[in-house]
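Biologist: Hi! Could you walk me through this one while we both look at it?
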Amino acid sequence: MLEITRIHKNFGGIVAVQDFSLTASQGEIHGIIGPNGAGKTTIFNVISGIYAADQGTVILDGHDITRLEQHKIARKGIARTFQNIRLFKGLSVLHNVMCAFDSQTRYSILGAFIPTRLRREEEKHGHDVCMACLARVGMEKYADEMPENLPYGHQRRLEIARALACHPSILLLDEPAAGLNPTEVSELSDLIVSLAESKDFAVLLIEHRLELVMSISQLIHVQNFGKTIATGTPEEVKANPAVIEAYLGKEE
């Protein structure tokens with residue numbers, strides 16, 4: 001379970017996030033929406049340790065991770081994708097995923113240079129786990145391909161597979177539908193729902209395509225100028241006057 005309590009983040013005199021709270025359990029999909037500059041990605045950056053919160057707490061499965069370093073937060077079970085695709089060119093699809101799994105290995109630095117039995121066992125286990133992650137997103141047949149040669153939608157799926165290799169309890173998806181065509185968006189929607197239904201982790205989703213967020217989220221958090229202006233089911237959010245004003249403006 002992820003429990004975020006009243007986090008704040010300022011950049012100089014600019015309030016990026018103010019008093020944001022959220023509780024998410026395995027199997028749930030939470031959408032975070034809002035106009036550009038509303039503080040959505042900053043929330044993800046605080047959760048994942050890229051930024052330190054100025055106030056508030058982030059609790060994961062009962063452990064306070066608010067001040068932990070990024071790699072320690074990842075080991076605790078926070079995995080994410082980014083707005084802009086960040087794949088490793090020159091590495092195969094499979095090796096892109098295995099780079100994420102390496103954070104879960106147990107052998108020492110010395111073991112990385114000496115082919116011990118533990119290292120061989122870990123590498124075989126890692127290979128099998130990463131192939132399973134690719135299979136979960138429908139990408140196993142592309143394991144030996146180079147990611148830069150794949151269609152854009154497949155690259156998005158590869159990013160999700162790489163996040164799954166971290167064995168997350170919380171999966172942060174930052175605009176996963178960006179650049180996708182309508183067919184790919186529909187397929188992505190089905191994929192996110194199927195992943196959440198496994199109840200292995202909770203999904204937090206930032207997305208500008210409101211039809212996607214509204215169709216798959218159990219709860220939606222609406223941000224505007226760093227503040228949460230509404231939290232509720234898709235139906236409740238659609239009918240909220242503050243949300244309508246934030247997106248459409250106020251009648252004179």
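Modeller: Happy to! Let's start with Gln-155, which is buried, with a relative accessible area of 14%. Keep in mind that this is a predicted model.

Biologist: Why does 14% make Gln-155 buried?

Modeller: Because buried means under 20% relative accessible area, and Gln-155 has 14%.

Biologist: Got it. Which helix does Gln-155 lie in?

Modeller: Gln-155 is part of helix H6, which covers residues 152–164.

Biologist: And what does Gln-155 touch?

Modeller: Leaving out residues up to four places away in sequence, Gln-155 touches Ile-85, Leu-87, Pro-147, Glu-148 and Leu-150. With Leu-150 there is also a polar detail: a polar atom of the Gln-155 side chain lies 3.0 Å from the backbone oxygen of Leu-150.

Biologist: Nice. New topic: strand S7, how many of its residues are buried?

Modeller: Five of five, so to speak: S7 spans residues 170–174 and is mostly covered. Ile-170, Leu-172 and Asp-174 point one way, while Leu-171 and Leu-173 point the other way.

Biologist: Which strands pair with S7?

Modeller: Strand S6, residues 78–80, runs parallel to S7 and is joined to it by three bridges. There, Ile-78 stands opposite Ile-170. Strand S8, residues 202–206, also pairs with S7 in the parallel sense, over five bridges. In that pairing, Asp-174 has Ile-206 as its bridge partner.

Biologist: What do S7, H7 and S8 make together?

Modeller: They form a right-handed β-α-β unit, with helix H7 taking up residues 182–197.

Biologist: Is Glu-175 buried or exposed?

Modeller: Glu-175 counts as buried, at 13% relative accessibility. Asp-19 also isn't a glycine and has a positive phi, of about 60°. Asp-19 lies in strand S2, residues 14–24, and counts as partly exposed at 32% relative accessibility.

Biologist: Last one: how many residues of helix H1 are buried?

Modeller: Seven of the eight residues in H1, residues 40–47, are buried, so this helix is largely enclosed by the rest of the structure. Among them are Phe-44, Val-46 and Ile-47, along with Lys-40.

Biologist: And what follows H1?

Modeller: Gly-49 follows H1, and the phi of Gly-49 is positive, near 90°.

Terms used:
Residues are numbered from 1 along each chain as its sequence is written. This is a predicted model: local features need pLDDT of at least 70, side-chain atom pairs count only at pLDDT 80 or more; totals for chains, interfaces and linings use all residues. Side-chain values use heavy atoms; hydrogens and water are left out. Buried means under 20% relative accessible area, exposed over 50%, partly exposed in between (1.4 Å probe, protein chains only). Helices (H or I, at least four residues) and strands (E, at least two) are DSSP runs, numbered from the N terminus. Two strands pair if DSSP finds at least two bridges between them. A crossover is right-handed if, with the strands pointing away from the viewer, the path from the first strand over the helix to the second runs clockwise. A polar contact is a pair of N or O atoms within 3.5 Å; within protein, one must be able to donate a hydrogen and the other to accept it, and residues adjacent in sequence count only if both atoms are side-chain atoms. Contact means heavy atoms within 4.5 Å.
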